[in-house]
Amino acid sequence: MNKKYDVIIIGAGISGCAVAWKLARYNLDILLLEKEADVATGTTKANTAIMHAGYNADPDKLKGRLNVKGNEEIREVSKKLNIPYKEIGSLVVGLEDDDLSVIDELYQKGLKNNVKNMEIVDREWLLEHEPNISKKAVKALWAPTAGVITPWEAALAMAQNAVANGAEVKLETAVEDVLVDEGRVIGVKTNQGDFAADYVVNAAGLYADEIARMVGIEKINITPRKGEYYIYDHAKDFEVNHVVFPVPTPISKGIVVTPTVENNLLIGPTSHNVESKTDLATTREGLKEVYNGAKKLYPELDLRDTIRVFAGLRAADDTEDFVIEAAENVKGFVNVAGIQSPGLASSTAIAGYTADILKDEGLILSEKKDFIETREEPVRFYEMSNTERAKMVDQNKDYGQIICRCETVSYKEILDAINGPVGARTVNAVKRRTRAGAGRCQGGFCGPRVVDILAEQLGIDPTEVKQEEGNSQILEYKIKELLGSRVMNNA
Amino acid sequence: MLKVKKDLVVIGGGPAGLAAAKTAYDDGINDVMILERDFELGGILPQCIHNGFGLHHFKEELTGPEYAQRFINDIEERDIEVKLDTMVLDVTKDRKVYAMNKKEGFLEIEAKAVVLAMGCRERTAGAIGIPGTRPAGVITAGTAQRYTNIEGFVPGDEVVILGSGDIGLIMARRMKLEGADVKAVCELLPYTGGLTRNVVQCLEDYDIPLMLNHTVTAIKGEGRLEAVEISEVDENLKPIPETAKTIKADTLLLSVGLIPENELSKKADVILDDRTGGPIVNEGRETNIEGIFACGNVLHVHDLVDWVTEESQIAGAHAAKYIKDNFEKTGKCAEVKAGENVSYVIPQKIELESGDRKRIPLYMRVSTPLTAVDINLYADGEKLYSFSEPFAKPGEMISVPLAQKTLDDLDNLSEIKVDIIEKEGE
């Protein structure tokens, strides 16, 4: 076996990354394992990207307790780690008189969960603050503490901060077994060899039940629940100012209409259980349901300027609650499972709660003296003024070459995304870090350039460059050396 | 920040920008700068290595690179400043252009006139919302063309093409020539979106099936594309579930429309036409913003580069006139309207001084395929004259000149309308 770690965390989604970030402040050797080629490629990359205020979940559930705490913590954490976050507030909009009792129930639940500053607002307020909202809108629950966040950037920022504080991240490392000796966890077996550890945290998302079964835990059962979405170009001229929900049903918060942090309008999700944990296909019916749902809230909304459809899978446990607990049968094994909505909003609180459990299990949490609290802000050219851009280019000419024209992403940003901590290895990993390819042309223009830069920086052939996971190579084979051919001159 | 002043700044060094710059220079504007974001001039033409370019403009058949090279030579022979690898970030309505490149850093260029010639982009899979997964191997036909002809990589072996736009047709043949199995070109509509000659030379000559009234109803595969499901559509263009069949493929190329790239134009408050996706212009190709002109595919999507050249010469000439202060508007404006079966007409308005009106070609597209048509021009509701054509197709642009007599009377007109009608009894 290799070196022995104090804690191994299985899965680098938002939960695993948050646990790594939380633990990295202590004197611990931490290893974060991820089976895919990047962090945040599962549920974390495909969801509604909301920091819920916390009025939905029952106060007696973990969801209810951790959501509000996570929501409060994110204000400070997002500043320290430079995670794009906007506290734009949410509205649950009632369109019929019947909806009013549900709105009132949510308000009461919010009070119990200690959600701050909620108000029930009337039609006039709505028409003033959401001018495009349905004329049928009667009343709404306004929760100003809700916000929108970039989920993969949140996970990445936490992973990078953990690495800055000494944690290790191993990508493309799939756990095949959890090693147990005399009722105590001793490590994991992976496709990249065995790793020894005193504690193992199971944050494997959709696969958390399969990992739990490796130590004989049968009670966790994860059902993939699909959510489909449309996303619009940020140039779309349609005003939506809050995270806007319809009144919820018992199983779903309904089709949401919201701007993202980067001002792309997002509509969705559906909520349907599916058989396969890899079924990420959008469907004709699902997309129709999304659009019809969005139109109930915003009748004038059309599908012009949509740039992508996508689907994500929520990891729903049978209990419909987070399952965060130490295993009863195996010492040192902690499950962080069933993290569906509001998992993103709760992530820092989930991490804190997990750290407490590990402590109870005997892990010693002594704070590092030289703990680095912050993550340096990545340069985001697209949100800079021309004066700021001019300054950046003066400092480094590599900022002067724009690779992604739709999202104004420079060559230097792409180099940094590849060569920085927890660097990008795939085209989609570059997209998540820089937004190159996330715009209206969907990588039509910058795709070939990003492939070329990845190949050059990673020292591989362009035909080996992948879009995301598995066999997702983009190019088949090289035809011939073309005389004078040159994608770009970086000399 | 480097600050410079220029008489004319041309944004985009494709066929539109090159022709506009050349014409303005020849009309006496010697202080011209072309800003090009790619590493070479020519726009999309260098990757269009097939022939068929220049039949109208040069009266000979050229490849895309050859057509581009003639204009690049013209530019090099003149004292026109070209900045390559230079991205324009902003254009203001008082004609300040902000751009960046690696060598000089950030540039602010104050221009007397600006020609917008940024071209267009392709509609993507996401934009049309094809259901299914999002594997590698689903790309636009133009991106595949760049990979194949510029970078030298084949994007796949088993190919299905959705959409029968010209780039899709050209790439069907191109992939076949590289040894790929091109299984079908699916077109949602009952007719092709591309030129007739491309259907014949790229599909029929290579036995590539063209499936009209068909669309892709699902994309399958987790890493790389594994298959596509295609279905026939009914008369309302809705897929018929019973007709669905799965075709094994590792590559799906999309040729489902082109969108003029007007993000910069919007920053300068240029007003766009909903139908073309490009600016609303007068016969000099001037937008609603004084001194800002537009030509080529940024204005409306063309079928042939020859028409891009013709239009860009008009824009270049008028930009030159504008810079020389030789540009009086009548103050009156005749609107040009698209009538029955016409999806749009360029220019949308006629408003310059009467001395200018030697020849005003109207460019238009028909909204549905028709055979044996009359193209009728009306002035304030009164029929002026007609042209007959054996057929009219949405994929092929129609150019109709406004006659001198109309032009002479123009100051008194408020509306010119064109309709295209099938002849009765045929």
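Where is the place of Pro342(A) in chain A? I found Pro342(A) in the loop between strand S20 (333–337) and helix H8 (343–360) of chain A. I looked this up in a predicted model, and the entries below concern that model.

**Entry 1. Backbone geometry in chain A**

I checked the peptide bond from Ser341(A) to Pro342(A) and noted that it is cis, with omega near 5 degrees. I then turned to Pro269(A), where the bond from Gly268(A) is also cis, with omega near 5 degrees. Pro269(A) lies in the loop between strand S16 (265–268) and strand S17 (272–273) of chain A.

I next looked up Asp305(A), which is not a glycine but has a positive phi of about 70 degrees. I located Asp305(A) in the loop between helix H7 (284–297) and S18 of chain A. I record these sites because most residues other than glycine have a negative phi, and most peptide bonds are trans.

**Entry 2. Confidence**

I noted the scores before reading further. Chain A has a mean pLDDT of 94, and 97% of its residues reach 70 or more. For chain B the average pLDDT is 93, with 95% of the residues scoring at least 70. For the complex, the predictor gives an ipTM of 0.92 and a pTM of 0.94.

Which residues of chain A have a pLDDT that stays under 50? I found this over residues 484–491 of chain A, for which the model has 12 contacts beyond four places in sequence.

**Entry 3. Domains of chain A**

I recorded the division of chain A into domain 1 (1–377) and domain 2 (382–464). The centres of these two domains of chain A, taken over C-alpha atoms, are separated by 27 Å. I found 16 residues of domain 1 of chain A in contact with 10 residues of domain 2 of chain A.

On the domain 1 side of this contact in chain A, H5 and strand S18 (306–317) each supply at least two residues. Which element gives the most to that side? I found that H5(A) does, with six residues. By class, the domain 1 side in chain A has 11 nonpolar, one polar and four charged residues.

**Entry 4. H5(A) and its packing with H1(A)**

Helix H1 (residues 14–23) and helix H5 (residues 151–164) of chain A pack at an angle of about 30 degrees, their axes 8 Å apart. Angles under 35 degrees count as roughly parallel, and H1(A) is therefore roughly parallel to H5(A). I noted the crossing of H1(A) and H5(A) as left-handed.

From H1(A), I listed Ile14(A), Cys17(A), Ala18(A), Ala20(A) and Trp21(A) in the contact. From H5(A), the contact residues are Pro151(A), Ala154(A), Ala155(A), Met158(A), Ala159(A), Asn161(A) and Ala162(A). The residues of this contact between H1(A) and H5(A) comprise 11 nonpolar, one polar and no charged.

**Entry 5. H10(A) and H12(A)**

I then examined helix H10 (residues 411–419) and helix H12 (residues 447–458) of chain A. Their axes come within 11 Å and cross at roughly 45 degrees. H10(A) and H12(A) are therefore oblique to each other. The crossing in which H10(A) passes H12(A) is right-handed.

In H10(A), I noted Ile414(A), Leu415(A), Ile418(A) and Asn419(A), which meet Val450(A), Ile453(A), Leu454(A) and Gln457(A) in H12(A). By class, the contact of H10(A) with H12(A) has six nonpolar, two polar and no charged residues.

**Entry 6. Chain B and the contact between chains**

I recorded three domains in chain B: domain 1 (1–122 + 258–327), domain 2 (124–256) and domain 3 (329–426). Between the centres of domain 1 and domain 2 of chain B, taken over C-alpha atoms, I noted 31 Å. Seven residues of domain 1 of chain B are in contact with 11 residues of domain 2 of chain B.

How many residues of chain B are in contact with chain A? I found 43, in contact with 53 residues of chain A. Among the elements of chain B that each supply at least two residues to this side are strand S8 (105–116), helix H3 (125–128) and helix H4 (141–151). H4(B) gives the most to the side of chain B that touches chain A, with six residues. By class, I recorded 16 nonpolar, 13 polar and 14 charged residues on this side of chain B.

Key. Residues are numbered from 1 along each chain as its sequence is written. Chains are lettered from A and ligands numbered from 1 in the order in which they are written. This is a predicted model: local features need pLDDT of at least 70, side-chain atom pairs count only at pLDDT 80 or more; totals for chains, interfaces and linings use all residues. Axes are lines fitted to C-alpha atoms, for helices over the stretch in contact, and angles run from 0 to 180 degrees between N-to-C directions. Helices (H or I, at least four residues) and strands (E, at least two) are DSSP runs, numbered from the N terminus. Angles under 35 degrees count as roughly parallel, over 145 as roughly antiparallel, 65 to 115 as roughly perpendicular and the rest as oblique. A crossing is left-handed if the near helix is turned anticlockwise from the far one by less than a right angle, and right-handed if clockwise. Two residues are in contact if their C-beta atoms, placed from the backbone, lie within 7 Å. Ala, Val, Leu, Ile, Met, Phe, Trp, Tyr, Cys and Pro count as nonpolar, Asp, Glu, Lys and Arg as charged, and the others, Gly among them, as polar. Domain bounds come from an automatic or database domain assignment. pLDDT is the predictor's confidence in each residue, from 0 to 100.
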